[in-house]
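Please keep the sequence and the model in view while reading.

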Amino acid sequence: MRVYIEGDGFAWKSRTQPSDDPTPHLPTGLKLAAADPEQNVLYLARPCQFIGPPLPATCQVNWWTNDRFSAVVIDAMNEALDVFVSRYPGVKLDMVGYSGGGNIAALLAARRHDVQSLRTVAGNLDVAWVNTLHNVTPMPNAISAMDSAVELRTLPQIHYSGDADKTVPVDVARRFQQAVGGNCVRVEVVSGMTHSSDWAAIWPQLLKNPFPGS
């Protein structure tokens, strides 16, 4: 089963003002899932996306801002995945994450025993480094895929980055590749693609790229 995890969505109205609803205006993760020709596809939105307005009282703004990569959120995403996996005993998972969803996909891959591959698209795999790059407020509760990189050393994985992406530049994937090490990880730089480009339009072709060593 190929599992897609959405990006951060509409988390902020501006650099200092959070949004009232994190549902993405451009749901790239959802579009990637819809473009996948495989039969068994699961899409997971991020906390509080696609359930308002109005949002339930449990949807506090911190869940899509400062705490969007906190242990509580990662645990919640893992539990949501468990609900679906429990219906299909023995199923193997191919994880795919877009932007911040790439961070979560990698973190879940590192902790689970049913994941057989990982792909990210413009994945924010080094949260602290990206925050420093953009001079935004640090997220002290954030868990970053970079911290679990060595645990993914033997997992087949490809990280796609656009050479025109200023939000999560190619260096993020390359830093992660170096941290993972080994021969199972590859970075694919896609010409002309920005962070918000139409990745879904080229996704069926990108899915044909073999994993390293295969």
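## Strands E5 and E6

Strand E5, covering residues 157–162, is joined to E6 by six bridges, and these two strands run parallel. Within this pairing, His159 is the residue that stands opposite Val187 of E6. The model is a predicted one, and the description here should be read with that in mind.

## The sheet as a whole

The pairing of E5 with E6 belongs to an open sheet of six strands, whose order is E2-E1-E3-E4-E5-E6 and whose pairing is parallel. At the edges lie strand E2 (41–44) and strand E6 (185–190), each of which pairs on one side only. From one strand to the next, the twist averages 15°.

## Helices packed on the sheet

Helix H3, formed by residues 100–111, packs on the sheet and touches strand E1 (2–5), strand E3 (93–98) and strand E4 (115–121), with a direction that makes about 150° with that of E3. Helix H5, formed by residues 170–180, also packs on the sheet, where it touches E5 and E6, and its direction makes about 170° with that of E6.

How many cavities of 30 Å³ or more does the count give? The count comes to one, and the largest cavity holds about 30 Å³ of space. Its lining consists of Asp8, Arg46, Pro47, Trp63, Trp64 and Arg68; by class, three of the lining residues are nonpolar and three are charged, while none is polar.

Terms used:
Residues are numbered from 1 along each chain as its sequence is written. This is a predicted model: local features need pLDDT of at least 70, side-chain atom pairs count only at pLDDT 80 or more; totals for chains, interfaces and linings use all residues. Side-chain values use heavy atoms; hydrogens and water are left out. On a 1 Å grid over the protein atoms alone, a cavity is a set of points where a 1.4 Å probe fits but cannot get out, and a pocket is an open set with protein on both sides within 12 Å along at least five of seven lines; lining residues have an atom within 4 Å of a point. Grid points are joined across faces, edges and corners, and a volume is the space filled by probe spheres set on the points. Ala, Val, Leu, Ile, Met, Phe, Trp, Tyr, Cys and Pro count as nonpolar, Asp, Glu, Lys and Arg as charged, and the others, Gly among them, as polar. Two strands pair if DSSP finds at least two bridges between them. Helices (H or I, at least four residues) and strands (E, at least two) are DSSP runs, numbered from the N terminus. Axes are lines fitted to C-alpha atoms, for helices over the stretch in contact, and angles run from 0 to 180 degrees between N-to-C directions. Contact means heavy atoms within 4.5 Å.
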